[in-house]
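Here is a short tour for anyone meeting this structure for the first time. Take a look at the sequence and the model before reading on.

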Amino acid sequence: MPTLHQPPVKNCAGFAALTLDTRFVSEAVGFGDFNRDGILDVVAGPCWYEGPDFRKRHDIFPSGKNDPHGYSPVTQPLFVHDFTGNGWPDVFIVRRPPGPKNDYGFLGWGDSPGWEGVWYENPAGKNIPWKEHRVLGNIANEAPVWGDINRDGRPELVYSSREQYGYASYDAKDPRKPWTFHPVSEPAGLYLASGVGFGDITGNGKNDVVCPNGWWEQAEHGKPWVWRPHKFAENAAQMLVFDVDGDGLNDVITIWHCHRYGLVWHKQTRGAGGEIRWEMREILPIEPETNPTAPRVSQLHSLALANLGSGATGLVTGKRFWAHGETGDVEPDAPAVVVWLELKRGPNGVEFIPHVVDDDSGAGTQIVAVDLKGSGRPDIVSSNKKGVRVFLNRGV
């Protein structure tokens, strides 16, 4: 049965903050109309919350309060998609096994060398449990991304296994059977990677794959993808391929180190022979001491594009509170901020203007911007060790 609870409201810099859950249930979030009432709902790991007020909480699978010193079963990003085609959105998660210490840490790899890809089938309005379908193993990337990389009209999961980067596709006729992994890289001993993204870098209409140390150019069908080395990041999360300065060439936006500092973008340029080159520009400093006037935000571990009302696309991100517990990483107890970075293009170039949306919540490994209320202004949704929150956009 749904759990009734009253979300307290807090006003903050053009946003109204709703606390949907005070428990640590997940570090991943998404949205969808799960009961098909025409109103968007929020999902955070094992729970979904009914819009428009998000007071009713439902379990997709058994939920509970996890220890913030450790992890949760849904620590990596989740994705919403109607796999069966029946009009009812389902939920895909990257699931961590409990491990020998029951803390969902790195030792709990289960019977396959990595985390599991599981999707839960929406019961289509029936009061029955969501059915679980385990379709992938060997997921070993902290920030998989979701989208139509091969342009076949269906989304794929883009990630790295412990051996290779690639993407997994499902059979539309039978999405419940194991999915197919399509490698784009040569085999390598990766173990656990952090960061991946995709987009058309070359401008030839084909999606390429980026990772912290370079990118793979998509070749003709059936031929190996071509490796192009470049240092995009030390330890990334979601990596965005986007034309930052509006010059017609897609650039790369990435967190520099998701357990330290830094948010950067790499401007794409072309040499005399058309070869692709990169110039790195800081958005938030990699070494905060070198720029004391810039916002000091540690442990950025999620990143998304968003137009929150300025007329231009910007970025949303936030501090991953206690990513490795109360003593791990740098400044674990610094204010857990959610930040909107407004993109401004002008005659003197590009700048990102930071706006602090909240300073006592932060983000997990995923943050999303979506218009939940139909106001025409995207809202922000986050979930982490401080709970699940929605920041309603009142006009910024």
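This is a predicted model: local features need pLDDT of at least 70, side-chain atom pairs count only at pLDDT 80 or more; totals for chains, interfaces and linings use all residues.

Let's start with Arg-95, which sits in strand E9, a stretch covering residues 90–95. Is this arginine buried or exposed? Its relative accessibility is 17%, and buried means under 20%, so Arg-95 counts as buried.

Who are its neighbours? Leaving aside residues up to four places away in sequence, Arg-95 touches Pro-73, Trp-115, Glu-116, Val-118, Tyr-120 and Glu-132. With Tyr-120 there's also a polar contact, side chain to side chain, at 3.3 Å.

Next up is a pair of strands: E6 (residues 47–49) and E7 (residues 56–59) run antiparallel and are joined over three bridges.

**A cavity inside**

Rolling a probe the size of a water molecule over the atoms shows where empty space is left. Here the count comes to one cavity of 30 Å³ or more, and the volume of the largest cavity is about 30 Å³.

Which residues line the largest cavity? They are Tyr-261, Gly-262, Leu-284, Pro-285, Pro-288, Pro-295, Arg-296 and Val-297. Sorted by type, that lining has six nonpolar residues, one polar and one charged.

Notes: Residues are numbered from 1 along each chain as its sequence is written. Side-chain values use heavy atoms; hydrogens and water are left out. Helices (H or I, at least four residues) and strands (E, at least two) are DSSP runs, numbered from the N terminus. Buried means under 20% relative accessible area, exposed over 50%, partly exposed in between (1.4 Å probe, protein chains only). A polar contact is a pair of N or O atoms within 3.5 Å; within protein, one must be able to donate a hydrogen and the other to accept it, and residues adjacent in sequence count only if both atoms are side-chain atoms. Contact means heavy atoms within 4.5 Å. Two strands pair if DSSP finds at least two bridges between them. On a 1 Å grid over the protein atoms alone, a cavity is a set of points where a 1.4 Å probe fits but cannot get out, and a pocket is an open set with protein on both sides within 12 Å along at least five of seven lines; lining residues have an atom within 4 Å of a point. Grid points are joined across faces, edges and corners, and a volume is the space filled by probe spheres set on the points. Ala, Val, Leu, Ile, Met, Phe, Trp, Tyr, Cys and Pro count as nonpolar, Asp, Glu, Lys and Arg as charged, and the others, Gly among them, as polar.
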